[in-house]
Number of protein chains: 2
Amino acid sequence: MNRLLIASLDRFGPLRESVRERLSGCSLSTETFESGALIVGRGERSHLRLLARGLAVKQTVLGDGARQIFGLATPGDLIDLGGLFAGLDFEVRALGACEVRKTTPGELKAMVQDHPGFLAAVCRAVLTEARAQRNWMVSLGRRSALSRTANLLCEVYWRQKTLALAEDGHCALPAVQSDLADALGLSVVHIHRVLRVLRDDGLARLRNGVLQIQDWDRLAALGDFEPAVFAPQSEIADHGPRTPTHAPGDERRGSID
Amino acid sequence: MNRLLIASLDRFGPLRESVRERLSGCSLSTETFESGALIVGRGERSHLRLLARGLAVKQTVLGDGARQIFGLATPGDLIDLGGLFAGLDFEVRALGACEVRKTTPGELKAMVQDHPGFLAAVCRAVLTEARAQRNWMVSLGRRSALSRTANLLCEVYWRQKTLALAEDGHCALPAVQSDLADALGLSVVHIHRVLRVLRDDGLARLRNGVLQIQDWDRLAALGDFEPAVFAPQSEIADHGPRTPTHAPGDERRGSID
DNA sequence: GGCGCTTGATAACCTAGATCAACGCGCATC
DNA sequence: GATGCGCGTTGATCTAGGTTATCAAGCGCC
């Protein structure tokens, strides 16, 4: 029971046995969402929502209808940690069909209070998210449209590859062009042109919700992609993969010692 | 002793007495930095560095020499939390003269392990930082040069006002135009144009490292500024200001209950 | 004094990307 | 089978902002 949740937190540094036990006894309900559905709204508090299947985006929509996407969630990600101590300042929306597990704020609070090891794992998850945000900011501020698109496609592929959700150079990306535009701070028309360049140059193609990577090396170079950005921040020095599902080969593990 | 550190963490929700005692017994050394100096470099681990005086920026410099600034640090901010569980993925640089207090990774680790309340406060600080980053992303992705500049100036003024470091509509901002450019993802020349518009329109002016707000309402409207973004995330429901220095009137306090 | 160096100011020109406007296609609805 | 709609595609045009260059003011330094 709750294996996914435990595995998810575990990749941020091994949980103590007591925490694992507590987590496995934690009641989780499952919800499913269809493409485009709102998973969590602004102002909501954290239910320790775990994305179990599918892809989701964190986003804000501004007063004038413009939208900015802050980041991507892949299976295993906790998507509402931003609502841990205050109302969520963004919303989470399903990109394609999603399955989400969640507990209750009460149970979450109890776990936080009873198990410091749990809180530490959450803290690491938040730090990892903040790091991904910084990469996103570099894209928005200092990379060309072509480069930041390449970077995003690399992120999408890499993260799913890490989860064994990608193979043979292709993976799911159930996003329409306007989703990419709002993620990258570009217009829909321009995203289309950028995608065409990537396609014509034989780097990658996106069609019918599946992303096909054709030349990883050139794409990664073009997008200035650094896998380390997305590696979980663990407390443990590198001692090889723990759970095959969640151990990309070259993630950097660190220690607080 | 260590009053500043305690007050800093305290604004994210009151610390338990035991944690306060632990913190007040914690050894802190003081360093000073001149304008432009590197306070923390990439890859370093957290020393629980606290900015005691001055302004600093979190930034990355890319391979081609371009720079992206991710955020601002004002007195009371912990500036190296990103290096808590892994090497820091950015650097922190002094904007004007700075004073920084720090402890040692060892002592930090001990505090994390011994005092869950301390870890919770750190976690809230990290969440607050992530929220500020999201606002920054909205600026970079979806606001015009004029609007995002206005937003940044509002942030600078608001945060210092909150700390009683601003008065009569002016505060310190020891940044040159290229600093603003790298913060906002613009070119130096264009920042200059934008500043001239703001000056000509009587909204704000920046000269010799001091920022003068001339029309807060119009500036905030132009920049789409929301003070709540920068309020600390507290565990406590609103029951009035605790420390006068750190209690802006309208911050939103939340509860995990 | 002159000599660098940094920063601000401004002008001339250029381009990446936005905006506007079509059109086509698949697909659901009636 | 018409009608709409979401999405992709493309061209034409516009503009926000980038690039390059120049000049002046301030300032430490020899």
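The model is predicted; local features need pLDDT of at least 70, side-chain atom pairs count only at pLDDT 80 or more, and totals for chains, interfaces and linings use all residues. Residues are numbered from 1 along each chain as its sequence is written, while chains are lettered from A and ligands numbered from 1 in the order in which they are written.

Helices (H or I, at least four residues) and strands (E, at least two) are DSSP runs, numbered from the N terminus.

Cys123(B) is in contact with Leu119(A), Val122(A), Cys123(A) and Val126(A), leaving aside its neighbours within four places in sequence. The largest nonpolar core holds 161 residues. Such a core is a set of buried Ala, Val, Leu, Ile, Met, Phe, Trp, Tyr and Cys residues joined through C-beta atoms within 7 Å. Buried means 20 or more other C-beta atoms within 10 Å of the residue's own. Ala56, Cys123 and Val126 of both chains touch the most other members.

Strand S7(A) (residues 204-207) has alternating side chains. S7(A) pairs with S8(A) (residues 210-213) in the antiparallel sense over four bridges; pairing requires at least two DSSP bridges. Arg207(A) stands opposite Val210(A). The two strands form a hairpin with two residues between them, and Asn208(A) in the turn has a positive phi of about 55°.

Definitions and conventions: Buried ≥ 20, exposed ≤ 12 C-beta atoms within 10 Å, placed from the backbone. Contact = placed C-beta atoms within 7 Å.
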